[in-house]
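Trainee: Can we go through this one together? I would like to begin with the salt bridges and then move to the ligand.

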Amino acid sequence: MEAVGKNKASAPQVIVCEDGAEVARRAAERFIEIAHEATNANGKFSVALAGGSTPKKLYELLASDEYRDQIEWPKVHIFFGDERCVPPDDAESNYRMANEAMLARVPVPPQNVHRMVGDGDAVANARLYEDELRGYFDEEQWPRFDLVLLGMGDDGHTASLFPGSQALQETSAWATANWVEKFQTFRITLSAPAINHAAHVLFLITGAGKAARLPEVINGERDTNRLPSQLIQPQAAGGNLEWLIDKDAAANL
Ligand code: 6PG
């Protein structure tokens, strides 16, 4: 199954939006476009959701009366880019945020929601998720998500690929348990190569806190250990990279 949009790689598109509401709206429109492309081509659409706070507005929009019925939810497969090592009902859980903002409010079949198990043994949970991914992307050398949604932290991390962390060196696993020194905890995350084989990767970045790192990530010297978001280059495998950034985060671009 060829992920849609492949071999149409173009230079990364950077779109500066007025505010978080415009970022969410544009992201919703791209989500729907890519979902239509994928379901028309392959009869299904695979998307890895981002955690954190920025994408919440997008998820709420996709579940709203304005957008919900533009998506064929029974054909959507929901994955996660990363998860905190907490139970699914924990306030820190990326699954909980996505479930409350969207999944519980749309007719996506429960078996199509491929949750990253957070609580318990992180290494075992990462292996479990890799098995889940391999079950869906059957026989593929890499997962070929139709869309991966990402955020970026003030420190330039994305998913749970944090500066100086071990997972930045991962070249074969699709999912891994990554020790995050600054939080003194493990996180489960997709590896950079797993993200980089997606047909479309869409960064959603808002807030003045990102303004210092963003120009370094997008235009600066390559320094992936310090700026892990620079690892995200789906173009190399024929995918597309798009950045939706609000004016506050884009202040120094
Ligand atoms: C997480 C996310 C993380 C997030 C960035 C940006 O689990 O926290 O996956 O990578 O995308 O930290 O978060 P905000 O969008 O909340 O600024």
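Mentor: Start with Arg84: its relative accessibility is 17%, so it counts as buried, the cut-off being under 20%. Keep in mind that this is a predicted model.

Trainee: Which residue does Arg84 meet in a salt bridge?

Mentor: Glu92. The N to O distance between the two side chains is 3.1 Å.

Trainee: And Glu92, what is its relative accessible area?

Mentor: The value for Glu92 is 44%, which makes it partly exposed.

Trainee: How many salt bridges does the count come to?

Mentor: The count is 18. Another one of them links the side chains of Asp65 and Arg68, at 2.8 Å from N to O.

Trainee: Is Asp65 buried or exposed?

Mentor: Exposed. Asp65 has 65% relative accessibility, and the class begins over 50%.

Trainee: What about Asp223, which residue does it form a salt bridge with?

Mentor: Arg226, with the closest N and O atoms 3.0 Å apart. Asp223 is partly exposed at 30% relative accessible area, and Arg226 is also classed as partly exposed, at 34%.

Trainee: Which residues are in the network there?

Mentor: Arg213, Glu216, Asp223 and Arg226.

Trainee: Which residues come nearest to the ligand?

Mentor: There are 15 residues around it, and those that come nearest are Ser53, Thr54, Asp82, Ala159 and Lys210.

Trainee: How does the shell divide into nonpolar, polar and charged?

Mentor: Two of the shell residues are nonpolar, nine are polar and four are charged.

Trainee: What is the distance from the side chain of Ser53 to the ligand?

Mentor: An N or O atom of the Ser53 side chain is 2.6 Å from a ligand oxygen. Asn94 also has a polar side-chain atom by a ligand oxygen, at 2.9 Å.

Trainee: And Ala159, which part of it lies 2.6 Å from a ligand oxygen, backbone or side chain?

Mentor: The backbone. An N or O atom there is at that 2.6 Å distance from an oxygen of the ligand.

Trainee: How much of the ligand's accessible area does the protein cover?

Mentor: On its own the ligand has 410 Å² of accessible area, and the protein covers 88% of that.

Definitions and conventions. Residues numbered from 1 in each chain as written. Predicted model: local features only at pLDDT ≥ 70, side-chain atom pairs only at ≥ 80, totals over all residues. Heavy atoms only, no water. Near = heavy atom within 4 Å. Polar contact = N/O pair within 3.5 Å; in protein donor to acceptor, adjacent residues only side chain to side chain. Areas by Shrake-Rupley, 256 points an atom, 1.4 Å probe, with all protein chains shown as cover. Nonpolar A, V, L, I, M, F, W, Y, C, P; charged D, E, K, R; others polar. Salt bridge = Lys/Arg side-chain N within 4 Å of Asp/Glu carboxyl O. Buried < 20%, exposed > 50% of the residue type's maximum accessible area, 1.4 Å probe, protein only.
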